[in-house]
Amino acid sequence: MLRRAGPFLRHFLPERNCSAGYSSYCSETKMSKLVQARRLEGVDKNIWVDFVKLAATYSKVNLGQGFPDFPPPDFLMEAFGRAVSGEMHMLHQYTRAFGHPPLVKILAQLFGKLLGRDLDPMTNVMVTVGAYQALFCCFQAFIDEGDEVIIIEPFFDCYEPMVKMAGGTPVYVPLRPKAPKEGKLMSSADWQLDPAELASKFSERTKAIVLNSPNNPLGKVFSREELELIADLCVKHDTLCFSDEVYEWLVYDGKEHIRIASLPGMWDRTVIIGSAGKTFSVTGWKVGWTVGPNQLLQHLRTVHQNSVYHCATAAQEAVAQGFQRELEHYGKPESYFVRLPRELQQKRDQLIQSLVAVGMKPIVPEGTYFLVADISKFKSEVPDVPNSDEPYDSRFAKWMVKNKGLAAIPLSAFYCGAHKDNYNSFIRFCFAKEDATLKAADNILQKWKLEKTAP
Ligand code: PMP
């Protein structure tokens, strides 16, 4: 038995007995019940809808939403071309529901190598519709009413509604910034968990913790010590770990991405989540995966089988070929996993320079393709609305896109409702952009700087 359907269905039943006939009152009452969706209360508002629209309407340069505006690698586009136009016409049909065999095989081979264990492609890997669906499967499969899920703030925003939609309760623990060294820019490594605070969030109700390293939005790459702290608590409290590692290849300055599943006691309780969207710069393909022990993945398969069932075959075939190519070039300079972070690191540094020029204080990310910048210096300059219940960073980001044509996302979007005002003077930029796009952003910022300094 995966989980109960009762509480959800109960909600849709009319309260009154309508057997005496369908009076208009009765059908209205029934309708009003039908259109309510209790589980969705409080998770129906989403800032992305507003900010994507604002960017589309006003932005000259969009560094808001996280997707590359440069093309994916040639070898991947060629593989996709072959998949849809070659002789293999069966690639237009359903494939194996839990993952196209060539893709699960290559993922098992790669992750087996990375984790140092033998993986069975059929039971230790499942392909999903992007990492989003992998996350959805995790929460649906394991979280029930009464269960608590620890979420580290700031967090990729969909974790919260997904926990709630499954009937669980999110419990938040913040990464707390410590001051950078004198004269230095802050680094994402300066945002840390307080070990005692983290430990205090675990209880017998804790079912899972969501770990996202490298972290969106900060770009923090959790260190071995930090991961050991989390792992020890997971083992002590017998807790699952949903490890969102979609930016696993995007780490800079020689940092190492460590997989928490490789730490003692963690393989059996961890689901690793990955995304071809981030790995190969193809966010629109929506190919993701989960890797983990069969005793966990069997439940993800149940959710997957009975919800989306299947992911696009041709895209899976192309991603499989992409991984095949990467395995052959593993660790070599021509590998995309080596080339992409090298190029992104330069873009990161370019954007940092542009932001510093206008007076923002970037937090140097160790990973991902996001960069958070401190805008507190602008509080006196950019119109504020006293007593507004909208966090300052959100108003600032709206002002910036409308007045400067530059789109970014407020950091408060990555905090729960109660904590949105705790870190309300930061905005997030995406730097996975063509050099021309970053140059256009720089032009806007340089012009802004001149306006600021003009008498
Ligand atoms: N996790 C994180 C941390 C993300 O940033 C994203 C995408 N922005 C996802 C999951 C979803 O990835 P996908 O596009 O593969 O569904």
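In this predicted model, the ligand is surrounded by 13 residues. Ala131, Asp244, Tyr247, Ser275 and Lys286 come closest to the ligand. As for where all this happens, the ligand sits in the second largest pocket.

Some of the contacts around the ligand are polar. Asp244, already listed among the closest residues, places a polar side-chain atom 2.6 Å from a ligand nitrogen atom. Tyr247 has a side-chain N or O atom 2.6 Å from an oxygen atom of the ligand, and for Asn216, a polar side-chain atom lies 2.8 Å from a ligand oxygen atom. Taken on its own, the ligand has 400 Å² of accessible area, and the protein covers 93% of that.

Now for the nonpolar side of things. Nonpolar side chains tend to be buried together in soluble globular proteins. Here, the largest nonpolar core holds 142 residues, and Met360 and Phe429 touch the most other members. Looking past the neighbours within four places in sequence, Met360 is in contact with Phe429 itself, and its other partners include Leu355, Ile375, Phe378, Met400 and Trp448. Asp374 is also one of the residues that Met360 contacts.

Technical notes. Residues numbered from 1 in each chain as written. Predicted model: local features only at pLDDT ≥ 70, side-chain atom pairs only at ≥ 80, totals over all residues. Heavy atoms only, no water. Core = buried A, V, L, I, M, F, W, Y, C linked by side-chain atoms within 4.5 Å. Buried < 20%, exposed > 50% of the residue type's maximum accessible area, 1.4 Å probe, protein only. Contact = heavy atoms within 4.5 Å. Near = heavy atom within 4 Å. Polar contact = N/O pair within 3.5 Å; in protein donor to acceptor, adjacent residues only side chain to side chain. Areas by Shrake-Rupley, 256 points an atom, 1.4 Å probe, with all protein chains shown as cover. 1 Å grid on protein atoms, 1.4 Å probe; cavity = no way out; pocket = protein on both sides within 12 Å on 5 of 7 lines; lining within 4 Å. Sits in = over half its atoms within 2 Å of the grid points.
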